[in-house]
Amino acid sequence: MAQRSRYGVLLAVVLVFGALAAWSLPKLTLQNQLTVFFPPAETADQAVLFDSLKQSLNQDRSQQPLMLSVQLPLSESVSSNDAAAISQTLASALRDQSWVAGVRNAPSPVSAWNQAPLREYRYLLTDFDLEALPSRLDDLWQAWQMGLVLDKATAVSDPTQQWFRYLGQSRFQQAVPTLSGVWGEVKAPEVPSESTQSDAMQLLFLVTFKPAALASHLQAVEPVLRAALAKVGVSEADSPGVKIAVSNVAWIAQQARHDIEQDVKWLSVIATLLVLGFLFWTFRRPLWVFLSFVPLATGTLLGTLAVQTVFGSIEAMTLALGVVLIGVAVDYPIHALAALRQSPQQAWRNWPVIRLGALSSLVGLGSLMWLGIPGVQQMGLFAAVGLLTALGMTRFILWVLSPVTSIPTAVKMADTDPALATVRDGWKWMGLTALVLALLWWKPIVWQDDLASLSPVPPSLLQQDGDLRQAFRQPEASQFLLVPSDSMQTLLQRQEALSAGLAQLKTDGIIQGWLGLSDWLPSLQCQAQRLSGLPSADALNSALAKSDTPLQPNHFQSFVQSVQASSTLPPLDWPRFETLALDWQQALWPTLVSETANGVVGKILLHGVTRPASLADWSEAQGVLYFNQRSLVAESVTQLRWELAWGLFGLLWVFVLGLRLATASFAQAWRILLPVVFGLGLSLASLSVFGQAVTVFHLLAGFLVVAIGLDYSLFAHQARQQIQASQEMPQRDDAMSSVTIALMTTILTFGCLLWTSIPILVAIGQTLVVGVIWVYLLARWQNRV
């Protein structure tokens with residue numbers, strides 16, 4: 001076939017893949033669920049814990065109010081007495097925006113609580129103590145005399161304060177601090193300096209957006225606030241001293257996505273320009289430079305479509321790491337084109353080595369599909385399809401560019417090799433082993449197994465979110481008790497039975513507080529007991545008459561009527577409670593209860609856990625599950641780490657067996673693999689020496705180091721054999737040129753990841769850059785002539 005016709009076929013293939021990408025990529029279903037990368041549950045209890053973890057990490061909180069903080073330095077023009085006026089001005093400016101549904105900047109007034117329909121059930125929601133009524137009346141009269149009773153009609157309608165007792169036990173978090181009647185507080189500078197010597201006033205707001213307006217208007221919040229500050233005369237409203245901080249789940253996701261997109265965009269541009277410049281300087285042929293990227297592009301496309309077809313969606317982490325895993329595909333055309341630059345015959349002689357390395361990587365990385373972890377299975381399928389596609393495209397490109405009509409015989413890996421490891425070489429490898437062990441003994445590997453090691457969110461965003469949650473006194477709902485039940489009423493009864501034990505835990509200092517659904521909604525059985533214990537009208541009037549205060553029984557007729565009316569109310573079951581619940585209860589109850597295939601699972605949120613081990617022992621004795629998100633994630637990540645470590649070990653054995661078939665000698669197979677094994681070990685040891693904690697992403701990048709390193713070692717081994725066969729020493733540089741080019745492109749590409757703020761990308765870049773350099777140096781040293 002004429003050379004021009006081959007180019008025509010190449011152009012047609014590229015256009016077909018381009019059309020396929022344009023048609024299919026917009027239809028991808030992209031997910032972002034970290035829990036698909038956790039090992040599967042092995043017991044029923046572990047399954048319940050994992051389900052709760054998935055709900056905790058994957059819950060859609062897109063309509064969650066935006067936490068907003070405005071910090072102003074206190075000065076002569078801005079004092080703490082101005083807090084209410086400034087806060088109201090800012091709140092009004094936000095309410096005037098068409099995309100804002102509501103703004104809260106102060107506690108709810110007592111009058112609003114007293115008008116809540118749920119208040120009618122107060123005598124069924126809390127215990128009534130008739131004997132304590134006289135002392136309650138004394139307290140009421142003292143407050144009356146001191147002028148503290150502002151709403152006298154409400155006060156006499158509930159002298160036992162049953163409703164306020166219920167409100168107190170309904171809240172899990174501490175009250176948001178107030179300043180001049182609005183949410184806020186005066187804060188001292190964390191690190192005093194000449195520029196921040198004075199205290200600052202922090203004003204707090206909760207902003208809810210209209211449907212579908214959150215994503216498009218998040219960035220408009222700060223300009224609105226700064227414009228409002230300038231209008232009220234706050235000096236230097238645009239200065240760095242005026243700090244505006246916002247956060248919620250949607251904000252973090254949007255900002256993280258923006259930061260990642262910006263980092264990836266400029267890193268991709270820089271890396272592409274560096275690689276293009278280097279390849280053009282090396283090959284001096286623009287077509288060859290373009291074709292070097294075709295296998296990677298087609299492999300990425302078909303790998304993505306394969307995962308979408310098999311799993312119905314693709315995880316964002318799978319897509320990001322999958323591209324990295326098949327990044328080894330860039331080396332295939334480089335090896336082929338570097339040999340083609342010498343001669344077409346040399347390119348075809350190198351093809352068996354390229355094919356051997358690619359197929360070994362395909363089998364090894366494809367073995368991830370057998371680990372039983374959905375996210376890792378996606379990576380395995382992605383890598384297998386991508387590598388196979390990239391290998392086929394490299395073979396196709398070589399056919400297009402090479403005018404050779406018959407394939408010459410490749411230099412075979414001989415059964416006997418005069419350069420096999422001598423005793424001297426053995427001592428060198430033993431010395432290298434001792435060096436690695438000494439480094440790891442001096443600086444042991446520090447594994448990072450917490451949730452932050454899996455998060456693609458920059459640490460600065462997580463810190464800002466944590467600061468705002470602390471300012472709003474929001475609890476960290478990451479520790480709780482799980483109470484599985486077959487029905488809602490059984491759940492409430494089980495939680496009520498645990499209340500005495502929880503109170504003892506609080507007394508013992510093991511926890512500082514708790515909140516379960518039964519603290520809001522007593523079981524029907526408990527309501528019936530409270531109803532039967534309520535006093536009659538005569539008993540109430542008799543107790544009221546014994547009071548030593550000037551208040552007479554006729555003043556409390558609304559109170560007596562409310563107690564008696566409790567018996568006429570319909571039972572407060574779960575459906576009715578859903579319609580009458582208070583605003584903060586409606587926001588939190590999805591966290592407190594969830595439906596399952598076998599019934600319901602309730603959560604008892606825990607606050608201030610000081611002794612997790614003691615709490616775990618107590619919960620086991622009570623037959624409930626203690627959920628500690630930090631420890632559960634750490635256990636899951638640790639298990640995933642071991643799965644990946646065994647996967648790496650299995651990958652190396654796959655390479656040994658594959659090389660054994662190719663070389664007909666275990667000695668040669670181990671000789672080829674030694675630089676890869678030690679390169680991986682030295683890369684982890686190097687990270688440890690420089691104080692870098694190792695995460696699962698370092699191990700995932702280790703798969704790529706092994707795959708790339710095998711190519712380096714294979715070509716170094718082949719180069720030595722070619723030199724020994726021809727006895728022409730000048731050929732050594734030509735034979736190793738493709739390995740050197742591949743090394744430089746890997747360093748240029750993945751070295752850029754070291755400058756990003758995304759922890760995951762930094763981990764991948766660290767492992768790859770350090771690992772491939774070690775493998776390259778060891779491969780050259782191993783195969784020196």
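## Contacts along the chain

Take the contacts (heavy atoms within 4.5 Å) in the protein chain between residues at least 6 apart in sequence: 82% of them join residues at least 24 apart. Keep in mind that this is a predicted model, where local features need pLDDT of at least 70 and side-chain atom pairs count only at pLDDT 80 or more, while totals for chains, interfaces and linings use all residues. Residues are numbered from 1 along each chain as its sequence is written, and side-chain values use heavy atoms, with hydrogens and water left out.

The protein chain has 785 residues, and 50% of them are buried. Here buried means under 20% relative accessible area, exposed means over 50%, and partly exposed is in between, using a 1.4 Å probe and protein chains only. You'll find 31 helices and 13 strands. Those are DSSP runs numbered from the N terminus: H or I with at least four residues for helices, E with at least two for strands.

Let's look at strand E12, residues 599-607. Eight of its nine residues are buried, so E12 is largely enclosed by the rest of the structure. E12 pairs with E9, E10 and E11, where pairing takes at least two bridges found by DSSP.

With strand E9 (residues 479-485), E12 runs antiparallel and is joined by six bridges; Ser 485 has Val 600 of E12 as its bridge partner. Strand E10 (residues 513-515) is also antiparallel to E12, over three bridges, and there Leu 515 is partnered with Leu 605. Then comes strand E11 (residues 593-596), antiparallel to E12 with four bridges. A hairpin through two residues links E11 to E12, and Thr 596 sits opposite Gly 599. As background, side chains in a regular strand alternate between the two faces of the sheet.

## A hairpin and its turn

Another hairpin is made by E4 and E5, with two residues between them. Strand E4 (residues 178-179) and strand E5 (residues 182-187) run antiparallel and share two bridges, with Thr 178 opposite Trp 183. E5 also pairs with strand E6 (residues 200-209), again in the antiparallel sense, over four bridges. In that pairing, Glu 185 has Gln 202 of E6 as its bridge partner.

So what's going on in the loop between E4 and E5? Ser 180 lies there, and its phi is positive, about 60 degrees, although Ser 180 is not a glycine. Ser 180 is partly exposed, with a relative accessible area of 42%. Gln 161 is another residue other than glycine with a positive phi, near 55 degrees. Gln 161 belongs to the loop between helix H7 (152-157) and helix H8 (162-170), and is partly exposed, with a relative accessible area of 42%.

## Two helix pairs

Start with helix H15 (residues 331-342) and helix H17 (residues 374-401), whose axes come within 9 Å and cross at roughly 20 degrees. That makes H15 roughly parallel to H17. The axes are lines fitted to C-alpha atoms, for helices over the stretch in contact, and angles run from 0 to 180 degrees between N-to-C directions. Under 35 degrees counts as roughly parallel, over 145 as roughly antiparallel, 65 to 115 as roughly perpendicular, and the rest as oblique. By class, the contact has 10 nonpolar, one polar and no charged residues. Nonpolar covers Ala, Val, Leu, Ile, Met, Phe, Trp, Tyr, Cys and Pro; charged covers Asp, Glu, Lys and Arg; the others, Gly among them, are polar.

Now for helix H27 (residues 629-663) and helix H28 (residues 666-689): their axes come within 8 Å and cross at roughly 150 degrees. H27 and H28 are therefore roughly antiparallel to each other, and their crossing is right-handed. The meeting residues include Trp 653 and Arg 660 in H27, and Phe 666 and Trp 670 in H28. This contact divides into 13 nonpolar, two polar and one charged.

Which residues does Glu 120 touch, not counting residues up to four places away in sequence? They are Ser 566 and Leu 569. Glu 120 lies in the loop between helix H4 (110-114) and helix H5 (122-125), and is partly exposed, with a relative accessible area of 44%. The C-alpha atoms of Glu 120 and Ala 565 are separated by 8.5 Å, with the two residues 445 apart along the chain.

Conventions:
Left-handed = near helix turned anticlockwise from the far one by under 90°.
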